[in-house]
Amino acid sequence: MSGVPWGETKLVQGNEAVALGALAAGIDFFAGYPITPSTEVAEILAREMPIIGKKWIQMEDEIASISAIIGGSLAGGRSMTATSGPGFSLMQEGLGYACMTEVPLVLVNVMRGGPSTGLPTQVAQGDVMQARWGTHGDHPSIVLAPADVEECFDLTVKAFNIAEEFRTPVILMPDEVIGHMREKLTFPEEGEVCVTPLSSPDVPIEWYEHYHTSATGVSPMARFGSGYRFHVTGLTHDTHGFPTRKVDEVIAKMNRLKQKITRRLDVLENNMLHGIEDSKVVIFCYGSVYRSALAARKILAKQRKKVGIFRPVTIWPFPDRTVKELLDSKDVILVPELNQGQIIHEVERLTSDSVRVVPLHRYDGYEITPEQLVAAVLEVM
Amino acid sequence: MPARLPYAYKYLRAKKKFPHVWCPGCGIGIVMGSIIRAIDSLGWELDDILMVSGIGCTSRMPVYVDFNTLHTTHGRALAFGTGAKMANPNLKVLAVMGDGDSMAIGGNHIIHAARRNMDITAIIVNNNNYGMTGGQFSPTTPQGARTSTTPYGMIEPDFDICKLTEAAGANYVARGDVYHVVELDGLFKKALSGSGFRVVEAMAPCPTNFGRANRQGDAVNMMELLRDETITIAQSAKLPREKTEGKTVRGIFVDKNEIGYLERYQALCDRVSPEVKK
């Protein structure tokens with residue numbers, strides 16, 4: 001296979017769909033370091049990108065990989081890397097730099113068991129809080145969690161678009177089950193994929209501010225070599241990008257970093273809801289667990305038991321308002337996760353004491369099965 | 001030299017960003033001047049140059065020059081530069097780093113940039129210690145030297161930047177110092193006009209930290225040390241052994257013309273693209 005098989009229907013693996021989604025989004029540069037279970041992304045792009053004259057490189061480690069794509073994004077265009085837990089830890093340095101310097105990029109983290117080397121070939125959802133708070137300091141975080149192969153394709157394209165629109169890194173976070181499973185996928189026709197064009201300033205060169213304060217908090221970004229000469233630093237900086245310690249400039253920068261996300265939650269929020277209104281029990285889940293929840297819901301329906309499902313596709317920023325609105329009136333919220341309890345704390349934070357928030361943890365490297373969920377639901381009903 | 005001074009303003013963010021952060025007697029400003037003179041002699045456009053740096057005293061340089069400038073994280077200048085160069089091969093990428101930045105935390109990146117023969121000029125200002133954090137020892141601190149973290153003297157052997165990068169595969173490797181600054185201008189000019197991975201080590205005094213800790217006197221005394229304790233490659237070949245012992249050798253150690261990474265990558269693209277296959 002060469003390139004995106006536009007319009008065709010094929011049996012495709014999750015990681016393969018991520019790589020093809022990146023090609024569909026017009027990826028210009030990939031830099032990565034081999035790590036299970038994400039390697040297929042790098043391998044497929046290593047094969048495909050030179051054919052179309054795009055740049056691909058295997059760096060000496062994950063720190064170098066994310067550093068390279070930040071450089072690539074600043075000097076070129078759409079840039080991506082792919083990794084898993086241990087590599088994701090190393091990439092926190094570059095991730096924070098990209099947040100601070102407002103550089104668009106896509107980071108794919110295919111989640112495996114941790115901590116440390118953990119369970120390299122097995123599934124987990126243990127990086128969810130790290131994706132929010134892993135790099136030091138206050139910072140924005142956008143994380144998308146696909147639950148099937150089609151979403152791996154679609155959300156990769158979307159991740160590139162959001163990164164460009166918000167000028168910030170976007171983390172695509174399939175778990176190992178999603179990355180490695182194969183499903184039927186009908187690719188869109190060429191031209192059907194919506195790709196946000198690379199922004200470029202239209203002001204005269206001498207007026208250009210690399211961090212201009214526009215209404216959305218995001219201004220068009222010039223690239224190195226375009227004639228707009230600017231400075232980029234991880235130090236707290238003014239609107240031109242130069243280091244500053246002036247309190248008003250520091251506060252303005254920090255507020256804008258936060259508000260460019262929080263003021264546009266409507267664009268980022270993306271939930272899949274099933275039968276929430278007429279259920280007193282709701283399963284709150286994401287990633288591969290969502291698939292088991294859908295199957296469990298069917299089994300329970302046959303037994304005339306109603307259960308709702310709330311699945312955030314965008315897990316960060318967390319859908320605070322919707323969770324409060326829809327779930328605070330429920331009897332029980334079951335939160336199954338492939339970790340020892342991470343997202344559950346967000347659900348607890350947003351619901352009153354009258355709502356029972358019940359955990360279901362699995363962290364042995366295997367997926368949560370529909371049967372496990374059925375049993376858990378029957379127990380709390 | 002003074003006659004050239006007006007030219008420097010073209011390259012500096014002179015009205016906006018000065019005074020600079022460097023201490024009195026620091027050698028980094030001399031290196032910056034030398035880089036600017038080399039670039040001026042090559043007639044390069046400001047828009048085509050990307051100066052990328054890591055963290056440290058030397059890595060503050062990009063603020064002061066009016067190129068495309070990228071001040072990154074500690075040790076990563078070459079990794080960021082690699083991405084930028086690949087994404088836009090028209091950029092002339094200069095990575096300016098200190099000895100701690102390039103040899104310790106960035107050690108992995110420099111050996112691989114050299115191995116790949118990545119088309120970047122690496123400029124390493126070697127002042128034998130971490131200046132910005134208060135003069136701790138670095139991988140180039142000589143054995144026995146005092147720093148704030150070797151109060152009883154340095155017990156570790158030091159790296160030879162030039163030998164290391166030569167062994168790792170750099171196309172061009174040279175060493176100069178800020179006393180012999182005309183010579184340094186020439187080393188930079190030659191490095192910048194080449195291709196592949198090019199390294200220039202510029203020895204520079206840090207009177208505030210290293211000099212004070214090792215009783216090397218003031219900035220002038222430290223400049224005199226560079227004058228007296230270094231010799232050229234030609235001198236080292238000619239002089240008797242007792243006169244070369246303990247001296248640091250200046251000059252061009254490697255000057256190959258091997259194909260750089262970008263050219264090899266382009267050849268790969270040409271080979272696998274469908275038009276060529278037909």
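Two residues are taken to be in contact if their C-beta atoms, placed from the backbone, lie within 7 Å. The structure is a predicted model, in which local features need pLDDT of at least 70 and side-chain atom pairs count only at pLDDT 80 or more, while totals for chains, interfaces and linings use all residues. Residues are numbered from 1 along each chain as its sequence is written, and chains are lettered from A, with ligands numbered from 1, in the order in which they are written.

The domain assignment of chain A gives domain 1 (9-186) and domain 2 (272-380), the bounds coming from an automatic or database domain assignment. The C-alpha centres of these two domains of chain A lie 26 Å apart. Across the boundary, 21 residues of domain 1 of chain A are in contact with 17 residues of domain 2 of chain A. On the side of domain 1 that touches domain 2, strand 7 (119-123), helix 6 (128-133), strand 8 (142-144) and helix 8 (176-180) of chain A give two or more residues each; helices (H or I, at least four residues) and strands (E, at least two) are DSSP runs, numbered from the N terminus. Helix 6 of chain A gives the most to this side, with four residues. The residues of this side of domain 1 divide into 14 nonpolar, five polar and two charged, where Ala, Val, Leu, Ile, Met, Phe, Trp, Tyr, Cys and Pro count as nonpolar, Asp, Glu, Lys and Arg as charged, and the others, Gly among them, as polar.

Between the chains, 35 residues of chain A are in contact with 35 residues of chain B. Strand 2 (29-32), strand 3 (55-58), helix 3 (62-75), helix 5 (92-101) and strand 11 (231-233) of chain A each supply at least two residues of the side that touches chain B. The largest share of that side, 10 residues, comes from helix 3 of chain A. By residue class, the side of chain A that touches chain B comprises 18 nonpolar, 11 polar and six charged residues. Helix 3 of chain A is mostly covered, with 14 of its 14 residues buried (20 or more other C-beta atoms within 10 Å of the residue's own; exposed if 12 or fewer, and partly exposed in between, with C-beta atoms placed from the backbone). Strand 11 of chain A runs parallel to strand 2 (residues 68-71) of chain B, and three bridges join the two; strands pair if DSSP finds at least two bridges between them. His231(A) has Thr69(B) as its bridge partner in strand 2 of chain B.

The largest nonpolar core has 187 residues, such a core being a set of buried Ala, Val, Leu, Ile, Met, Phe, Trp, Tyr and Cys residues joined through C-beta atoms within 7 Å. Helix 7 (residues 149-166) of chain A provides the largest share of this core, 10 residues. Domain 1 (9-186) and domain 2 (272-380) of chain A both give residues to the core, so it lies between them. Among the members that touch the most others are Val106(A), Leu172(A), Ala84(B) and Ala202(B).

Ala84(B) is one of the buried residues of helix 4 of chain B, a helix (residues 77-87) in which 11 of 11 residues are buried. Leaving aside neighbours within four places in sequence, Ala202(B) is in contact with residues including Gly176(B), Asp177(B) and Val178(B). In strand 7 of chain B, Tyr172(B), Ala174(B) and Gly176(B) point one way and Val173(B), Arg175(B) and Asp177(B) the other way, and all are buried. Six bridges join this strand to the parallel strand 8 (residues 198-203) of chain B, where Glu201(B) is the bridge partner of Arg175(B).
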